[in-house]
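Have a look at the sequence and the structure first.

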Amino acid sequence: MQQVRAKKFLGQHFLTDLNVAQRIAETLTSGRTIEIGPGMGVLTQFLLKNPSIRLTAIEIDRESVAYLKDWYPELDLIEGDFLKLDLNTLIPEGEFNVIGNYPYNISSQIFFKVLDYKDRIPVCSGMIQKEVAERLASKPGKKAYGILSVLLQAYYDIEYLFTVDEHVFNPPPKVKSAVIRMTRNKRRRLECDEALFKTVVKTAFNQRRKQMRNSLRNLVESLKLRVERSSKEESRLEWFLTRRPEQLSVEEFIELTNLIEQSHVGNQNIL
């Protein structure tokens, strides 16, 4: 059967190296699994060979769907957009892993969706743009450390496994790729308001070169809370506000979120 044409608007770069595909497949050992964007099945074939993996593939490209149905008739295949699917309806019960050679143009959106189902997804692995992989796995103090680093590391332990060169794709991308694995950590919930935590992280990194007192000024003033701070809390908040966001760990962002929630908007001396 004729090869599937890579479509730029879908961000398709088909992996051609079987050794790399097998290494990606081996990042999972067992369990109910969703593969995102199987394309022509280069990764799918190895997942199907593992009797401990129960696989469902989600593909948005009709040409790829037709190809997969011909070559892998045993595959549980869903034609649709992963970002728009209700995964609780797709898999009503139990945990499920997520894997794929993720389209670069929507990889961040995929990981944010994984966060929405974090209590059901124990492992998420696959290949993404090298720059994004470095961002996900980065530690505080590094240039790559940012919004994705903090939000994902709050719930997942992230491993940068290996780098993949451009020449093993058709067509070759203009950047290198990397394979990562995210494993759910023991933190079931954050010890703070989780919605406020996300807002604090995103607001802080929107002006990452500035001290926190500048980037968070509007946020703190908009909270309109009326809880008095002790002098100890005020001192600790002052310490945070003299830092830049890339200097703070996940635990420190949690602490900062609690301090902001407790802050008294009427006191203008802190900010």
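## Ground rules

Helices (H or I, at least four residues) and strands (E, at least two) are DSSP runs, numbered from the N terminus. This is a predicted model, where local features need pLDDT of at least 70 and side-chain atom pairs count only at pLDDT 80 or more, while totals for chains, interfaces and linings use all residues. Residue numbers run from 1 along each chain as its sequence is written, and side-chain values use heavy atoms, with hydrogens and water left out.

## The chain as a whole

The protein chain has 12 helices and 9 strands. Of its 271 residues, 49% are buried, where buried means under 20% relative accessible area, exposed over 50%, and partly exposed in between (1.4 Å probe, protein chains only).

Now for contacts, meaning heavy atoms within 4.5 Å. Among those between residues at least 6 apart in sequence, 70% join residues at least 24 apart.

## Helix α1

Helix α1 covers residues 18–25, and Val-20, Ala-21, Ile-24 and Ala-25 are buried in it. Looking down the axis of α1, the buried residues fall within an arc of 140°, so they line one face of the helix; the arc is that of the directions from the helix axis to the C-beta atoms. What covers them includes β1 (14–15), α2 (44–49), β5 (97–101), β6 (123–129), β7 (156–164) and β9 (177–184).

At the start of α1, a side-chain oxygen of Asp-17 comes to within 2.9 Å of the backbone nitrogen of Asn-19.

## Aromatic pairs

The whole structure holds 5 aromatic pairs. Rings of Phe, Tyr and Trp (its six-membered ring) pair if their centres lie within 6.5 Å; planes under 30 degrees apart count as stacked, over 60 as edge-to-face and the rest as tilted. Tyr-67 and Trp-71 have ring centres 5.9 Å apart and planes at 25°, so this pair is stacked. Both sit in helix α3 (residues 62–71), 4 residues apart, which puts about one helical turn between them. Tyr-67 is buried at 8% relative accessible area, whereas Trp-71 is partly exposed at 47%.

The rings of Tyr-145 and Phe-205 have centres 6.1 Å apart and planes at 70°, so they are edge-to-face. This pair links distant parts of the chain, 60 residues apart: Tyr-145 is in the loop between α6 (130–137) and α7 (147–153), and Phe-205 is in helix α8 (residues 194–205). Tyr-145 is buried at 0% relative accessibility, and Phe-205 is buried at 7%. Together with Phe-253, Tyr-145 and Phe-205 form one aromatic cluster.

How values were computed:
A polar contact is a pair of N or O atoms within 3.5 Å; within protein, one must be able to donate a hydrogen and the other to accept it, and residues adjacent in sequence count only if both atoms are side-chain atoms.
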